[in-house]
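Subject: Structure handover

Hello,

Here is the structure I promised you. Please open it before you read on.

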Amino acid sequence: MSAHLHQSLPILNCKSREEFLSNIYPKREPVILRGLDIGACSDKWTAPYLAQAGGQADVKVHVSSACEMDFINKNFVYRSLPFGEFVRRASQEEQTDFFIDATEKYYLRALGKDPRKDVADISTQFPSLASDISIPKYFEQSQFFSSVFRIASKGTQIWTHYDVMDNLLIQVTGSKKVVLFPPTDVDFLYMCGDKSQVLNVDKPDLAKFPQFVHASRVEGYLEPGDVLFIPALWFHNMTYLEFGVAVNVFWRHMEAKLYDNKDPYGNKDPLPAQRASQIVDRALKTLEELPEEYRDFYARRLCDRIRSKACKGHNEDR
Ligand SMILES: O=C(O)CCC(=O)C(=O)O
Ligand SMILES: [Fe+2]
């Protein structure tokens, strides 16, 4: 690992929508945009203010005694707290009231009204706060998908995953370490669905995850006011260096018909990818008609075909 140089996330002073759309967006690489006007939230959103103005509706939060939240092995529990109480707890490092222990960590990924159907939208769920934040107008209103509160205790680390939509992560308060990997690293990240099994990206278990050494990590630090552009399919892992409040906006950049309509989180694979995956399931099922020796041989031939037809750029990149 240490022999590999880590790339740093570029920090750009983006002045206008035109500049973003012509110079930054087409490259489809993550960047930190610094110096944008994100609105009154920068000054207003202290923990006491949020606790009071955000309302007392219950939010479902992740609670864990570990800093590194692990979605695959579920080392956290979901608990409901009134928003104000959640903010109060997450902003302090020791609790008098707790679910697991006094130093437990809290993470909110806001959800829609009916989490199975509705997307998160701060202007619907937190109308009194929504007017404090100004979302950069880098996409058409018709492409808007969701706006999501991300609030967590100091020290919380969020599992490495990808989302299928383009994303602007607006860091309002608190600093955050972000580690990203390009979509072409997918073979090195030991994926389980949309999540990587490599939890500790700083000290990975290389006996378990030997291919991880080939991943080309890009790293940066978000400060209050920074906006991180995360292009769709880029893997990301976030560490809250302080109690942090962020809002991210997802938008659809492909034709609407390619997206799964039943996707409140913005992480369901596009429909053609889902269909292709079902066809592979059928191909594997079909190979089961053969004795093992043949099955293995023809599975390898299929892999080879897919690799040479669909992953050309990737093989050359290595
Ligand atoms: O910063 C966080 O809490 C996670 C952000 C994230 O995963 C996203 O914006 O898609
Ligand atoms: Fe994400």
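Below is what turned up, site by site. Keep in mind that this is a predicted model.

The metal site

Start with the iron ion (ligand 2). Which residues coordinate the iron ion? They are His161 and His236, each through NE2, and Asp163, through OD. The distances run from 2.1 to 2.2 Å. Along the chain, the donors follow the spacing H-x1-D-x72-H. His161 sits in strand β8 (residues 157-161), and His236 sits in strand β15 (residues 235-240). The pair therefore ties together parts that are 75 residues apart in sequence. Are these two histidines buried or exposed? Both His161 and His236 are buried.

Ligand 1

Next, look at ligand 1. There are 13 residues around it. Those that come nearest are His161, Asp163, Asn167, Lys176 and Tyr240.

- Lys176: a polar side-chain atom lies 2.7 Å from an oxygen of ligand 1.
- Asn167: the distance is 2.9 Å.
- Asp163: the distance is 3.0 Å. Asp163 also coordinates the iron ion.

On its own, ligand 1 has 290 Å² of accessible area, and the protein covers 100% of that.

The surface

Finally, turn to the outside. Leu290, Tyr294, Phe297 and Tyr298 form a nonpolar patch there. Together they have about 390 Å² of accessible area. Phe297 belongs to helix α8 (residues 292-310). Phe297 counts as partly exposed because its relative accessibility is 46%, and that class lies between 20% and 50%.

Best wishes

Key: Residues are numbered from 1 along each chain as its sequence is written. Chains are lettered from A and ligands numbered from 1 in the order in which they are written. This is a predicted model: local features need pLDDT of at least 70, side-chain atom pairs count only at pLDDT 80 or more; totals for chains, interfaces and linings use all residues. Side-chain values use heavy atoms; hydrogens and water are left out. Donors are N, O and S atoms within 2.8 Å of the metal (3.2 Å for Na, K and Ca); water is not among the atoms, so sites may look incomplete. Helices (H or I, at least four residues) and strands (E, at least two) are DSSP runs, numbered from the N terminus. Buried means under 20% relative accessible area, exposed over 50%, partly exposed in between (1.4 Å probe, protein chains only). Patches are made of residues with over 30% relative accessible area and no salt bridge: like charges are joined within 9 Å, nonpolar side chains (Val, Leu, Ile, Met, Phe, Trp, Tyr) within 5 Å. Accessible areas come from the Shrake-Rupley method with a 1.4 Å probe; for residues, only the protein chains shown count as cover. A salt bridge is a side-chain nitrogen of Lys or Arg within 4 Å of a carboxyl oxygen of Asp or Glu. A residue is near a molecule or strand if one of its heavy atoms lies within 4 Å of it. A polar contact is a pair of N or O atoms within 3.5 Å; within protein, one must be able to donate a hydrogen and the other to accept it, and residues adjacent in sequence count only if both atoms are side-chain atoms.
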